[in-house]
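Here is a short note for someone opening this entry for the first time. Please read the points with the model in view.

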Amino acid sequence: MSQTAVNPAKPKPQLKEKKRKEWGLLLLALPFLIYIFMFSYVPLAGWYLAFIKYKVGMPILKCEFVGFRNFQQMFATGSFGNALRNTLIYSGLGYLCKFFPPIFAILLNEIGNRHFKKTVQTLTTIPHFISWVIVYALCYAMLSSEGPVNAFLANFGKSQHLLTDKKAIYTFMTALGVWKGIGWDAIIYIAAITSIDQELYEAASIDGAGYFKRALHITLPGILPTFLVLLLLSVAHILNNGMDKMYVFQNKLVYNQLETLEMYTYKRGIQNMDYSYGTAVSVMKSVVSLTLLFVTNWIAKKIRGETIV
């Protein structure tokens, strides 16, 4: 009896089309992958500066290798401790204000007038795109000694100098950060609210739940996972406060209160041309941030049963 040869099954046309689309998407992502590699991974070779005594004009490989001397010097310097303290203070105040964007998103979602809602969202998002230089110019024009705010408060004997007040500068800078970012940060929470099943709101309304109860028992639990993920991810940036805003608001009276690790690195590494020491501070920040990210990822896995990265 003759046996009929069985030909291997040919790939289905749908499978070929799927693979073709996947390769197309990969090619679209290739420029961005190259960009990330060039500007995020290639510069890591510069970390070698943290372990040598670099001198301008001398080849890197001929510079004296000092090991961890720059790191030891870092923790033995009083100015570094001040910069670290300021960084943690600003980060701590920032974490206390993390709940403002989700609350703002909930309140914005309860606005019934669609046009007014869009207007408020637009006006609160615009500050995110304003440069800190312009923000400083506005603050100086309004809050300086000769500004209209102090001129008005002087009539009551309560003039304030927020730009030079050592005690108020921490709160003032934190408030500026909230004002500048609340609208932009609320966008992701607004997106999370729109993904909540609307039938839950309808059922709650039928049961007699008002705006407050619907927000408390439906909206808030609906966006809580998003809030927790963003909060855990932000832990990795605890040593980053944004150098641009600290740089433009600095003056002699509040410089010690505005000297964060980024300002400290700029001063020692660029202005004083101590590139090895500045690199060591940056390496320390990166290692701490990466460690915190993995720790929070492990905690999220233990608590939520899934990782966040």
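1. What percentage of the 309 residues of the protein count as buried? The share is 31%, where buried means under 20% relative accessible area, exposed over 50% and partly exposed in between (1.4 Å probe, protein chains only).

2. A caution on the source. This is a predicted model, in which local features need pLDDT of at least 70, side-chain atom pairs count only at pLDDT 80 or more, and totals for chains, interfaces and linings use all residues. Residues are numbered from 1 along each chain as its sequence is written, and side-chain values use heavy atoms, without hydrogens and water.

3. Overall form. The protein has 14 helices and two strands (DSSP runs: H or I of at least four residues for helices, E of at least two for strands, numbered from the N terminus). Its radius of gyration is 27 Å, well over the 19 Å of the globule rule for 309 residues, so the protein is more spread out than a compact globule. The radius is taken over C-alpha atoms, and the rule is 2.2 Å times the number of residues to the power 0.38. The C-alpha atoms fill a box of roughly 105 × 75 × 35 Å along the principal axes.

4. Salt bridges. The whole structure holds two, each defined as a side-chain nitrogen of Lys or Arg within 4 Å of a carboxyl oxygen of Asp or Glu. Arg69 pairs with Glu64 at 3.8 Å between the closest N and O atoms. Arg69 is partly exposed at 43% relative accessibility, and Glu64 is partly exposed at 43%.

5. The other pair. Asp274 meets Arg268 at 3.4 Å, N to O. Asp274 is partly exposed at 25%, whereas Arg268 is buried at 15%.
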